[in-house]
Amino acid sequence: MATAVRLVQRDGELRLLEDLLTDARQGRGSAAVLTGSPGTGKSAVLRTLAARATDAGALVLSACATEAETDLPLGVVGQLLSGTTSALGTAAGGTGPGGGNRPEALHDALRSLGAGRPLVVTVDDVHHTDEPSARCLLYLCGRLTAAGVLVVLAGRPQAAPSLPLGEVLRHPRCVPVPLRTLSEDGVAEFLRVHPAGAVDPAAAGRQAPDWHRFTGGNPRLLHGLLADHRECGPVRPARPVAGTAFRRAVAGCLPGPRSEVTRTAHALAVLADQATLTVLARFLGVPERAVGPCLAELAATGLLDAGRLRHQGVSAAVLGTLSAKEGARLHARAARVLYDAGAEPPAVARHLVAADAARAADGGAAGAPPWAVPLLAEAARQAMPAGQARRAAEFLRTAHRLQDGGRWPDGMLLTLTRAEWESDPASVIRHLPALERDLAGRRPDDARWTEAAGLLLWHGRYEPVAGAVADASAGASAGAPVREVRAALGQLRPGAVPGTGAPGADAVERVLESVVHGLAPPPSVPALLLALLSAGETDRAAQWCELTAGPDPAAATPARQAVAAALAAVLHVRTGLYEAGARHAARALALLSPAAWGVAVGVPLAAAVRAATARQAHDRAAGLLDVPVPETMFTTRAGLHYLLARGGHLLAVGRARTALADFHACRDLLADWGEEERDGLDWRTPADEALRRLGDAPDGDPVAALTRAERRVVLLAAAGCTNRAIAARLYVTPSTVEQHLTHVYRKLRVRSRGDLAQLIGARAAGPADTAPWTETP
């Protein structure tokens, strides 16, 4: 009878067993002890031997011991003789009450079964054999010389069974047959010949090193990995993927929940990189010398590499064998052991977080030693400059839960919001009211004052920041932090503080020098960089943009990467590199959601819309303009960029009148801020184009730059009409007329009605200019 699966790198062991089978056929009995770590294929070798023995005419009796039946007297012997009716009758006298005192029972039963043909007795997982059965096996091994019986016992090599099983495995007539994990060549052969996933020899040779590193050459792990590989479907990855089958295979390689080997594997998975021999021993509560044998057994199984679990897939599988309650207990113990050993706070905090999460999953109440909350806060403080903002936020949220959601210690809330801003700015929104209170309660010379102001500015909370800046500017503490926040506020919302406009390029760079080279750029930095762009300092902005992402852009937090990408998009679009600008804008919008961008969402959206419009991808531009934006944005510098981009798209698709409204909105914003047009913020040229398309001639006609309502008021005022007369003529209130004239004076840069009349000249008001209109709220 042929075997279904060809065994790999087991030819030598099978030849030795077949030689012993030949001896048994010739009347010379013998025994073999097949040893190997879990998953190395002991059962497969036994099945192959049984098949070949059956083909050769031998009678095969098989049993498999289990840990659950260790206390069942003669359980293994019962399995061996369960299919042989005559032998059961022979052995019955020795297996009844008191039969455990007759170890010759199995020997006598086998003699009655001989009948001139060889016998093969196999016992798998022999280390779980019950004591009476072990005595029968020991009796049999001592009387094999004259019997045609081959006994093959398979078990773990590191197991140290008690008497009499220990004597059986060490019996001088037992031939040792050790099994080891496969080499790289063995793994390549496994991949070539396995019927479920055979590959060509060249591909097997290329894949073998990765598969060997992933499994340590353990056949059971290889089978699990191959099953997961097949589940990947028609497009299979070139590298191994650990899935459900692999995790089951790892769990199957662990001896059992009460085994010291399994407890050691759990400790290695929980402690990870902190798993030194001393820490392992303290964690397990055993002497260091007791840890070595357990590590050796795990290494022989292939689960370890250089004293650590082989990779994250193995660690996840080992941890998957734990309940949530047990996981919480082990992580809490790891935290205590590492804390007592003087480990760094982040290493201890990681276990406090894991223990709290496991307790929450199990429905348990929060609980921790008194040193836990201060340690978590310190771990968060150390994680921030290392670029681990997400982890710092986890530490602080856990600290807050462990103190039952009580009052935040001083500075902890601000540290949390800063960490959350780095990883996901949208998560800061729920903290904004508390940040406003925090800002009001701090002095400007406190470093946290600047951070709180920057976070509020990012989400459009200008009023509390403007009030804080005004108060600080009036005092004696208006130092560098106040100048930084004042400059950012002046760029984002000119006029928010009286006398504060957009800062000049030199002033911006002086502020940037004091913040960009710090541990992490604050949210106000993007506003300052936009100030350089608005001033036409493209090269200088590009240099600072590179510094914003940090020394290692690949390791930067999502917020830093998004800000750098958005500013790069603006730079590329400004210089006509629309393809590159579109890529950077798409990356910026993919890294942060619109809610996470706050009022700054107008920056990447404007760059993306301008790039799409320039490439005539009008559907793409229209889709980008459907992205919801906060209303507050339209009173900021980001809103100015957005309005110009939207107007450009509308003009390109033939909607000149709507586009003109956006360009005039830009004009009104600049007028309200008391600013002139600057490079990159030219609204007049596209507005003139829109007017041409509408049939108006903007050249030389100052009235064409005004809205329709303003034009009616201006022409009548230039003709000498009073405000009351204009109001009666146009059916509006005198205050509405006064408001329009105030806006017109600012837009046209005139001081009086005389200047207005001189500017307008002899133009006469037409019917359309003087028709009444309905006053809107």
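Reply: Happy to. To get your bearings, the protein chain has 40 helices and 7 strands, and please keep in mind that this is a predicted model. Of the 777 residues in the protein chain, 50% are buried. Among the contacts in the protein chain with a separation of 6 or more, 68% are between residues 24 or more positions apart.

Now to the rings. The structure contains 3 aromatic pairs. One of them joins Tyr-339 and Trp-371, and this pair is stacked, with 3.9 Å from centre to centre and 0° between the planes. Where do Tyr-339 and Trp-371 lie? Tyr-339 belongs to helix H16, which covers residues 324-340, while Trp-371 is in the loop between helix H17 (345-362) and helix H18 (372-383). The pair therefore ties together parts that are 32 residues apart in sequence.

Are these two residues buried or exposed? Tyr-339 has 35% relative accessibility, so it counts as partly exposed. Trp-371 has 13% relative accessibility; because buried means under 20%, Trp-371 counts as buried.

Another of the pairs brings together Phe-634 and Tyr-642. This one is edge-to-face: the ring centres are 5.8 Å apart and the planes make an angle of 80°. Tyr-642 has a relative accessibility of 3%, so it counts as buried.

Rings also have charged partners here. The charged end of Arg-143 sits over the ring of Tyr-139, at 3.6 Å from the ring centre. In a second example, the ring of Phe-283 has the charged end of Arg-333 over it, and there the distance to the centre is 6.0 Å.

For the surroundings, let us turn to a pair of helices. H19 (residues 389-402) packs against H20 (residues 412-423) at an angle of about 145°, and their axes are 8 Å apart. The crossing of H19 and H20 is left-handed. On the H19 side, the residues in contact include Ala-389, Ala-392, Ala-393 and Leu-396, together with Arg-390 and Arg-397. On the H20 side, they include Met-412, Leu-416 and Ala-419, as well as Thr-415, Glu-420 and Glu-422. By type, the residues of this contact between H19 and H20 divide into 8 nonpolar, 2 polar and 4 charged.

Methods
Residues numbered from 1 in each chain as written. Predicted model: local features only at pLDDT ≥ 70, side-chain atom pairs only at ≥ 80, totals over all residues. Heavy atoms only, no water. Axes fitted to C-alpha atoms, helices over the stretch in contact; angles between N-to-C directions. Helix = DSSP H or I, 4+ residues; strand = E, 2+ residues; numbered from the N terminus. Left-handed = near helix turned anticlockwise from the far one by under 90°. Contact = heavy atoms within 4.5 Å. Nonpolar A, V, L, I, M, F, W, Y, C, P; charged D, E, K, R; others polar. Phe/Tyr/Trp six-rings, centres within 6.5 Å; stacked < 30°, edge-to-face > 60°. Buried < 20%, exposed > 50% of the residue type's maximum accessible area, 1.4 Å probe, protein only. Lys NZ or Arg CZ within 6 Å of the ring centre and 35° of its normal.
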